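Here are my notes on the model you sent over.

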Amino acid sequence: MSAELPAILLPEASLRHPESTKWLKYPADVLPLWVADMDYAVAPVITAALRERASSGLGYFQYLQPEPGVSALLREKLATQSITELPEGGIRSLPGVVPGLYASVLGLTSPGDEVISMTPIYPPFMSAIADYGRHLRAAELVHGEAGWQIDWEALEAAVTPGTRLLMLCHPHNPTGRVWTQAELARLAEFVLRHRLWVVSDELHADLSFQGAHQAFVSVNPALRERTVTLTGPCKTYNTAGLGIGAAVSHNLELLDRLARASVGVMGSASAMSMTMWIAALTGGAQWLETVMAQLLANRDLLTRRLRAELPWVRYSPPEATYLAFLDLRAHPRAADIQAFLLSEAKVALNDGLTFGPGYQGFVRLNFATSPEILNEAIARLVTALS
Ligand SMILES: Cc1ncc(COP(=O)(O)O)c(C=O)c1O
């Protein structure tokens with residue numbers, strides 16, 4: 001465990017908790033650097049708040065107000081991302097961000113409509129489109145010397161008169177890109193010219209190494225009528241098991257459409273998840289600062305070792321998140337690279353193919369762990385790939 005950050009790595013027994021997806025999916029000799037959970041203990045303010053709510057006298061677990069207590073804090077936080085002047089009712093809680101993605105597809109498009117997104121992309125974007133008979137129009141990003149970039153020609157070519165919605169991921173999972181002000185402004189122009197709705201998944205906003213996050217909706221006032229922003233605490237505070245999120249818009253009709261499309265099946269966020277989010281927004285800043293320092297150190301460690309020991313691996317260090325998207329297509333086993341690394345290196349990564357049909361030979365590596373585990377995983381990958 002590193003000297004600077006002794007407190008935050010979860011002990012082995014917690015990592016291997018019987019309900020852990022990340023650590024129990026694969027055999028015990030496999031290092032799991034796949035699903036986007038961190039190996040760090042949650043902020044002490046969160047555990048304290050959960051304990052307090054569960055204690056006698058404060059144990060209120062009945063039906064909750066429709067406008068959750070977290071809204072006022074969230075409103076303040078969103079203002080730091082330039083989302084201002086939200087109307088009353090402009091924040092609706094969700095049991096998670098993925099349900100918000102699905103509700104957006106259902107509420108903002110009709111069966112047979114086209115939805116545009118930039119691939120590679122977090123898999124539920126594609127399943128939300130396909131599962132309900134909408135069609136993905138994929139605009140592949142380009143990966144060159146300048147890192148992952150939007151292919152503007154591909155984006156224009158992907159739009160047809162049947163395209164209704166842009167699904168944006170900002171910061172972007174799996175590449176870790178933080179779209180710049182210039183890129184966001186150009187995307188805004190694209191959206192307005194083609195009269196698209198937008199759902200912007202900004203779940204990774206707090207995990208940027210580039211400074212304060214700028215929300216997509218903030219780059220052009222005309223986007224307010226067309227955009228739903230999705231946010232939540234689970235990537236920032238490592239609380240995915242306490243499902244909660246929010247759909248945010250200046251246009252209440254869009255939020256109503258999401259609600260109508262998912263009436264009866266959406267469910268609601270739990271009392272404990274609200275307590276967690278309130279605690280995180282109120283007192284989680286210092287914990288997050290420590291975690292970000294660890295993530296940056298791990299990212300740079302990964303970058304240094306890949307450049308030195310596997311220089312043929314094409315990789316652009318992420319500008320946000322703890323996910324690295326590695327291009328291993330030059331390897332003879334590119335056709336089954338995830339399975340090869342699982343069996344030969346005993347390292348579990350996400351298969352690139354799940355991020356879009358063009359991404360066989362890529363893997364996504366989650367570096368939100370200790371430097372020791374990361375070093376061990378890199379050593380195993382180097383041995384298996386060399
Ligand atoms: C971009 C993005 N959206 C949504 C999610 C999942 O959100 P939730 O667990 O709140 O449904 C993830 C999880 O990694 C993600 O990376």
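Predicted model: local features only at pLDDT ≥ 70, side-chain atom pairs only at ≥ 80, totals over all residues.

1. Let's start with the ligand. The residues around the ligand are A36, G96, V97, V98, Y122, C169, N173, D201, L203, H204, C234 and K235. By type, that shell splits into 7 nonpolar, 3 polar and 2 charged residues. Two helices, α5 (97-108) and α9 (234-237), each give at least two residues to the shell.

2. N173 has a side-chain N or O atom 2.8 Å from a ligand oxygen. For K235, a polar side-chain atom sits 3.1 Å from an oxygen of the ligand. As for cover, the ligand taken alone exposes 400 Å², and the protein buries 89% of that.

3. Now have a look at F355, in the loop between β13 (350-351) and β14 (362-366). Is F355 buried or exposed? Its relative accessible area is 1%, and the cut-off for buried is under 20%, so F355 counts as buried. Leaving aside neighbours within four places in sequence, F355 is in contact with T119, P120, I121, Y122, P123, M126, N173, P174, F325, N350 and R364.

4. Where are the cis peptide bonds to look at? One joins T119 and P120, with omega about 5°. P120 sits in the loop between β3 (114-119) and α6 (123-131). Another runs from N173 to P174, with omega near 20°, and P174 is in the loop between β7 (163-169) and α8 (181-193).

5. On to charges. The count of salt bridges comes to 18. Take K22 and D39, whose closest N and O atoms are 3.0 Å apart. K22 lies in helix α2 (residues 21-24) and D39 in the loop between β1 (31-32) and α3 (44-54), so this pair ties together parts that are 17 residues apart in sequence. Both ends are tucked away: K22 is buried at 3% relative accessible area, and D39 is buried at 1%.

6. The R224 and E85 salt bridge has its closest N and O atoms 3.2 Å apart. R224 is in the loop between β8 (197-201) and β9 (227-231), while E85 is in the loop between α4 (70-79) and β2 (91-94), so the pair links parts that are 139 residues apart in sequence. Here R224 is partly exposed at 24%, whereas E85 is exposed at 64%.

7. R314 pairs with D327 in a salt bridge, the closest N and O atoms being 3.4 Å apart. R314 lies in the loop between α12 (285-309) and β11 (323-327) and D327 in strand β11 itself, so parts that are 13 residues apart in sequence are tied together. R314 is partly exposed at 36%, but D327 is buried at 4%. Elsewhere, salt bridges with shared partners join E156, E189 and R193 into one network.

8. Last, the backbone. E85, the salt-bridge partner of R224, has a positive phi of about 55° although it is not a glycine. K346 is also a non-glycine residue with a positive phi of about 55°. K346 is placed in the loop between α13 (337-344) and β12 (347-348), and it is partly exposed at 31% relative accessibility.

Note on methods:
Residues numbered from 1 in each chain as written. Heavy atoms only, no water. Helix = DSSP H or I, 4+ residues; strand = E, 2+ residues; numbered from the N terminus. Buried < 20%, exposed > 50% of the residue type's maximum accessible area, 1.4 Å probe, protein only. Contact = heavy atoms within 4.5 Å. Near = heavy atom within 4 Å. Polar contact = N/O pair within 3.5 Å; in protein donor to acceptor, adjacent residues only side chain to side chain. Areas by Shrake-Rupley, 256 points an atom, 1.4 Å probe, with all protein chains shown as cover. Nonpolar A, V, L, I, M, F, W, Y, C, P; charged D, E, K, R; others polar. Salt bridge = Lys/Arg side-chain N within 4 Å of Asp/Glu carboxyl O.
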